[in-house]
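Please look through the sequence and the structure shown here before reading on.

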Amino acid sequence: MTADNADNRWLLSLFIHAAMISSATMWPGGAGAAAASTVQEIAEGVFVRQGRTAVLFEADNVANLAFVIGSRCVAVIDTGGSFAEGRALDRAIGELTDLPVCFVINTHVHPDHTFGNKAFDRENVQFTGHEKLPRAMALRGDTWLQRATEYSEAPVDGSHIVLPERTVDSEVQLDLGHRMLIVKAHATAHTDNDLSVLDVRTGTLFPGDLVFLEHLPVLDGSINGWLDELQQLMREKYERVVPGHGPAHAAWPAAARPTVDYLHDLREKTRAWIARGGELGKAQEAIEAARPEQWRLVEQYHQRNVGAAFAELEWED
Amino acid sequence: MNRRTRWAGEVESLRMALTALVLCAGVTQATTVEEDMVWTGGLRSAYFQDREIHSDDLITLEAPQRAENAAIVPVSIKANVPQTEERYIRTVWLFVDKNPGPLVGKFHFTPASGRADLGLRLRVDAYSPVRAVAETNDGELHMSRRFVKASGGCSAPASSDPDAARQQLGKMKFLVHQEDGEEQASAVERHSPTHSPSHRPTLAQLMIRHPNSSGLQMDQVTRLYAPPEFVEQVKVSFEGEEIFRAETSFAVSENPSFRFYFAPQREGEVTAEVIDTEGRQFRETYRVSPVSGEIAARP
């Protein structure tokens, strides 16, 4: 240790500060808050544990989680933002069926969808993700573990990162017993590792964070890719979708409209800014979100989205 | 340990060391004295020994107070004096005090730069002072400082699309911008005594496709930290005369972008040369010509 006294004092003050934050910031809806009653059956054998719109890490139940029950076993689609949230989901499943969980599907890498994986990390549960999910987890997991630890009472360590055993580069079918799920890998869109899941029996699509409602869309992949993927999905007919954030279910393709409109407007404004030779920092200050009244968390995520869109679109020819 | 579970023990100690480096739970109440501890505690003397540094307005550093994406924090340096043969800014050092490597880069200018302005994007790992120190040709040092709160305080996560940068590695774009009204007015105001309108410095931008990776990200296959791989040297010249040169670190964001000025007074060729830590060299040339009072560039 080469730190001098000044550095030690600095670190100490950080630790004290961190301890104060974590004791003051409990995770609402954490351990114990969940029971079967918090889960709703939106179609036959399809259950959703609805997330609440909040900033990543400030709550551990931000994302919508789901499970589908077949005649042989259960598939879980996203596991929540903490071990406790994953546990709560696991318990809710146990209250509804004696069948075991056989698949966990992570729709993408973000910790609000994957940090509950640990609660399902046991024999005979096969984790499934996009072929680029392992890399994204490995490269970015460390950053998020630290962030989660800042907010959590219990340390959030590497065991929370559970890599997929089966990766998907185009499409696979998962058999739950008289019930097929079709898992599709998408090109870079919301992230570079997005999956969507279709429950064939009920026509329910789980598009993960390709579809946002209420919670402002967050761009962490490619704005062009995202609009392309949504355009393709919107040509398909589904009975309903379970958006990654927002209500437990919504009609298709209407549910995609707000995300498409926001991204489309962001792309046009950003392209115009780039064409005029404007710089990224000023664009972040100047470009406003379309219809901000229909979204929450605009303050937290819009500027970031402008930066991400700018960094991508400035390379267009 | 479950074989699917990552972070084997062998990297645990390294990870803890890194955690300490980037540990940065919200230090929101720190005073300037506390904020500047890295600078006063050794960074300053490592680069400038006991030389006098003026904290004045020779240059102005602009940076967001709060950066929403710590991997792309836009900063700019505005020089408040023109570049003349007699007196000019020859070097600007840029630091993010609390980054694992505080020096972002050294940027060199000449009288041919017209203005020693600079715009670029940084990775900021912690709530940290960002500071620019300019050295004039007579050896004086002048500093401008801002405090930046990177979102979440801590971390500049890895690229969201590593393949995109990799596929086009080394591709460059060179642009000249017609400034918008606001910038033009301030430029004229700042430099009217030295530049006639037709020889007003032109805002140029060099963009380089490069992952510019820090080496602080673990490779999931090898379970090791991938070696850093970033742009180390950038040189831009006009008709053989250097107008902008930089030595840079991984603190420059992925796909490095540099905005700077030059004052072409005739048609000519701009050459951009880039060398990265792997020893790869990239070189492109562009034709620059004044078109009806405005400047245009083409490959």
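The questions and answers below concern this predicted model.

Q: How many helices and strands are there in chain A, and what percentage of its residues are buried?
A: In this predicted model, the secondary structure of chain A consists of eight helices and 12 strands. Chain A has 317 residues, and the buried ones make up 55% of them.

Q: Is helix 6 of chain A parallel, perpendicular or oblique to helix 8 of chain A?
A: The axes of helix 6 (residues 257-275) and helix 8 (residues 298-313) of chain A come within 10 Å and cross at roughly 60°. Because of that angle, the relation of helix 6 of chain A to helix 8 of chain A is oblique.

Q: How do the residues of the contact of helix 6 with helix 8 of chain A divide into nonpolar, polar and charged?
A: From helix 6 of chain A, Leu266(A), Arg267(A), Thr270(A), Arg271(A) and Ile274(A) take part, and they meet Asn305(A), Val306(A), Ala309(A), Phe310(A) and Leu313(A) in helix 8 of chain A. The residues of this contact divide into six nonpolar, two polar and two charged.

Key:
Residues are numbered from 1 along each chain as its sequence is written. Chains are lettered from A and ligands numbered from 1 in the order in which they are written. This is a predicted model: local features need pLDDT of at least 70, side-chain atom pairs count only at pLDDT 80 or more; totals for chains, interfaces and linings use all residues. Axes are lines fitted to C-alpha atoms, for helices over the stretch in contact, and angles run from 0 to 180 degrees between N-to-C directions. Helices (H or I, at least four residues) and strands (E, at least two) are DSSP runs, numbered from the N terminus. Angles under 35 degrees count as roughly parallel, over 145 as roughly antiparallel, 65 to 115 as roughly perpendicular and the rest as oblique. Two residues are in contact if their C-beta atoms, placed from the backbone, lie within 7 Å. Ala, Val, Leu, Ile, Met, Phe, Trp, Tyr, Cys and Pro count as nonpolar, Asp, Glu, Lys and Arg as charged, and the others, Gly among them, as polar. A residue is buried if 20 or more other C-beta atoms lie within 10 Å of its own, exposed if 12 or fewer, and partly exposed in between; C-beta atoms are placed from the backbone.
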